[in-house]
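Me: I'm new to this one, could you walk me through it?
Reply: Gladly, let's take it topic by topic.

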Amino acid sequence: MTKLTNLPAWQQLQQHYEDTKDIHMREMFAQDSQRFEKFSLKLNDILFDYSKNRVTQETMDLLLQLAEQSDVAGLRERMFSGETINHTEHRAVMHAALRNKSEEPAYANGVRIDEEIKTELDRVKFLAEKIRSRHWLGHSNQPITDVVNIGIGGSNLGPLMVTEALHPYSIHDLEIHYVSNLDENHINNTLESLNPDTTLFIIASKSFTTQDTLVNAVTAKEWLMQKLHSESDLHKHLVAVTSNVKMAVEFGVKEENIFKMWDWVGGRYSLWSAIGLSIVIAIGAENFDALLEGAHEVDDHFRTAPLEQNIPVIMALIGIWYNNFYNAESIAVLPYDQNMHRFPAYLQQADMESNGKGCDREGASVDYSTGPILFGEIGIASQHAFYQLLHQGTKLVPADMLAPISNYHCIATHHRALMSNIFAQTEALMMGKTEDEVRAELTQQGMPEKELEDLLPYKIFPGNRPTNTFLFYTLDPKTLGSLIAMYEHKIFVQGAVWNLNSFDQWGVELGKVLARNILDEINTATPVTNHDCSTNGLINYYLSLKPIKDPN
């Protein structure tokens, strides 16, 4: 047994699961008319309803004991205090300091950081306002009309998700584009409709050595140089967010247009930093401040609220209940707001890169399931895609559903129909439809007995499928900031219970190293024999077709 599985609460939860696993949520609701009031929490305008889960009060009490015995509160305080909790990279974890709206100073590894954060944010806002007000001019003295953010991972997914989600708050004659894929189709498709005279590129790379980002940045630079009169004009079309100032300057970015990244901010938690420059350009400084404020309020709630009233803690513990005791391997995130269409993709990285690990903080292999497979899409579209599996499949897939009570441009007929769907789906997933109910329904329709018996098994819904529901008034910047922070802290709590370092990502390194070596082999254009037979065969087949003319 590991340290976790040997905890008293873990042992009690295993027995509790055996005692309760066959209870249907129908029974739970029938026995307790106050279940919604008992199992829902509210923070500002966000309502978190977790009553449609296979939990009793005893379940929640035991899960809370598990959090206490795992010292979630202790690790939480160490994070907020700036200790080096990312021990494999010798770094503090201080993304919460980026949105700290209190007057309290913030420290990382004993060094005060809040003043530097404010200075950098002011620089970001200043540059963004120059672009938004059309005072930033390109080489031909025309204002910028298009901004292209070139990044990968957190330098792409976070800003992209927020920009899309807050589209109603953006300047709509200033277009923000995102390029992340090494596949040339991504940057080619983006550039084909743009004008070099009026385009600004943001190169977002902490190291300024990431292959995916630099290959695209070089292509962007070459595209610009076809139109620019001289390389001395290049700086009018390039800015960078990086910790490698030297390489950014050598690339052609003026030092005054390089924004800082700190080692105590992981890429997937970086949208609150200068990585969010494209967000500030899109929605403006005031709305970006509201985004930070919403996240800060959740930070304060997470740090101070009792565990039993703490929304990220409850989110995390319910996920652990299904992941580790029901052996549910996945979770679906299903926004019922079209502007949140990139929210599940953003959370995929945040969650699976953080807790997709099999080695604990002491370096030992774990003997329990850790991070779930997270997937999702817009709820309405998903109802006509994979909800079939959620309702009648053989796999248990807990789901989070998120919906606004109103929209920025709210059309009543649209929105009432939308909301009726989310309420219906959570009820249907919980209640299901029994054999007796199906039989009565088909009989009332007058279906012949033989046809009824043939169809009957296909119309039964087992129900007892868990959902969490998040309702909020509208998807404004502050609410979005709060929702993101809730999930960030949920991930933290789960990592704390599973005894993981949620803030490194060594799993992405091996493929990068091998890719660099294979790229050298491809560039030599000679057959290879030093890999396994499959990899040799694939590389040599690729080379035999000579798909690309050697530029040299």
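**Aromatic pairs and a strand**

Reply: A search of the whole structure finds 22 aromatic pairs, where the rings of Phe, Tyr and Trp (its six-membered ring) pair if their centres lie within 6.5 Å, and planes under 30 degrees apart count as stacked, over 60 as edge-to-face and the rest as tilted. This is a predicted model, in which local features need pLDDT of at least 70, side-chain atom pairs count only at pLDDT 80 or more, and totals for chains, interfaces and linings use all residues. Residues are numbered from 1 along each chain as its sequence is written, and side-chain values use heavy atoms, with hydrogens and water left out.

Me: How are the rings of Tyr 17 and Trp 321 placed?
Reply: Their centres are 6.3 Å apart with the planes at 80 degrees, so Tyr 17 and Trp 321 form an edge-to-face pair. Tyr 17 lies in helix H1 (residues 8–20) and Trp 321 in helix H13 (residues 311–325), so the pair ties together parts 304 residues apart in sequence; helices (H or I, at least four residues) and strands (E, at least two) are DSSP runs, numbered from the N terminus.

Me: And are those two buried or exposed?
Reply: Both Tyr 17 and Trp 321 are buried, meaning under 20% relative accessible area, with exposed over 50% and partly exposed in between (1.4 Å probe, protein chains only).

Me: New topic: how many residues of strand E12 are buried?
Reply: 6 of the 6 residues of E12 (residues 399–404) are buried, so this strand is largely enclosed by the rest of the structure.
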